Amino acid sequence: MSKKVLIAYFSASGVTARVAKTMAGAAGADLYEIRPEQPYTSADLDWMDKKSRSTVEMNDPACRPAIADKVQNMEQYDTVLVGFPVWWYVEPRIVDTFLESYDFTGKEMIPFATSGGSGIGKAEKSLKAHCPGAVWKKGQLLNGPGAADWIKGIL
């Protein structure tokens, strides 16, 4: 029996989207983009601006930005890879919205992230805290080539 795999990702600038699409192609996995109901503008993503949307969201641990659409038949997936850019050393709040929108109890969950300089360690702790019923596997920072080989090696 082969596992049914979903790659769910949030991408603000397209970097994480490219990695997710490469992995989906390599693994024959389904792809789902965690899209915000209200798309982010470049001003929203200006982390130097203390009043920008991303900064305000990340400074509020309870913030849960709305997601545009749902995953159909989430129960069919055995393994879910969750991809995101690292923001403020953890996953963006919209990823928390995603994790809290479904029952991942007993599902194998594998995080992957893109980052200009941060590691994935703090995000892994945060993800487990938001979704404790899942079976979390070690995540990976994927900033360039190697995503296809990595996913083939873990599945």
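Residues are numbered from 1 along each chain as its sequence is written, and side-chain values use heavy atoms, with hydrogens and water left out. In this predicted model, local features need pLDDT of at least 70 and side-chain atom pairs count only at pLDDT 80 or more, while totals for chains, interfaces and linings use all residues.

Q: How many aromatic pairs does the structure hold?
A: Rings of Phe, Tyr and Trp (its six-membered ring) pair if their centres lie within 6.5 Å; planes under 30 degrees apart count as stacked, over 60 as edge-to-face and the rest as tilted. For the structure, the number of aromatic pairs is 8.

Q: Is the aromatic pair of Phe-10 and Tyr-40 stacked, tilted or edge-to-face?
A: The two rings lie 5.7 Å apart, centre to centre. With 65° between the planes, the pair of Phe-10 and Tyr-40 is edge-to-face.

Q: Is Trp-87 buried or exposed?
A: Buried means under 20% relative accessible area, exposed over 50%, and partly exposed in between (1.4 Å probe, protein chains only). Because its relative accessible area is 10%, Trp-87 is buried.

Q: Which aromatic cluster includes Trp-87 and Trp-88?
A: The ring centres of Trp-87 and Trp-88 are 6.4 Å apart and their planes are at 75°, so this pair is edge-to-face. Trp-88 is partly exposed, with a relative accessible area of 35%, whereas Phe-10 and Tyr-40 are both buried. The one cluster is formed by Phe-10, Tyr-40, Trp-87 and Trp-88.

Q: What is the phi of Trp-88?
A: Trp-88 is found in the loop between E3 and helix H3 (93-99). Although Trp-88 is not a glycine, its phi is positive, at about 50°.

Q: Which residues does Ser-54 touch, not counting residues up to four places away in sequence?
A: Ser-54 is placed in helix H2 and is buried, with a relative accessible area of 1%. Contact means heavy atoms within 4.5 Å. By that criterion, Ser-54 touches Asp-44, Leu-45, Asp-46, Trp-87 and Trp-88.

Q: Which residues does Lys-50 touch, not counting residues up to four places away in sequence?
A: Lys-50 has its place in the loop between strand E2 (30-33) and helix H2 (53-58). Lys-50 is exposed, because its relative accessible area is 71%. The residues that Lys-50 touches are Thr-55 and Val-56.

Q: Over the face of which residue does Lys-70 lie?
A: A charge sits over a ring if NZ of Lys or CZ of Arg is within 6 Å of the ring centre and within 35 degrees of the ring normal. At 5.1 Å from the ring centre, Lys-70 lies over the face of Tyr-102.

Q: What is the phi of Asn-73?
A: Asn-73 is found in the loop between H2 and strand E3 (79-85). Asn-73 is partly exposed, with a relative accessible area of 47%. Its phi is positive in a residue other than glycine, near 55°.

Methods
Helices (H or I, at least four residues) and strands (E, at least two) are DSSP runs, numbered from the N terminus.
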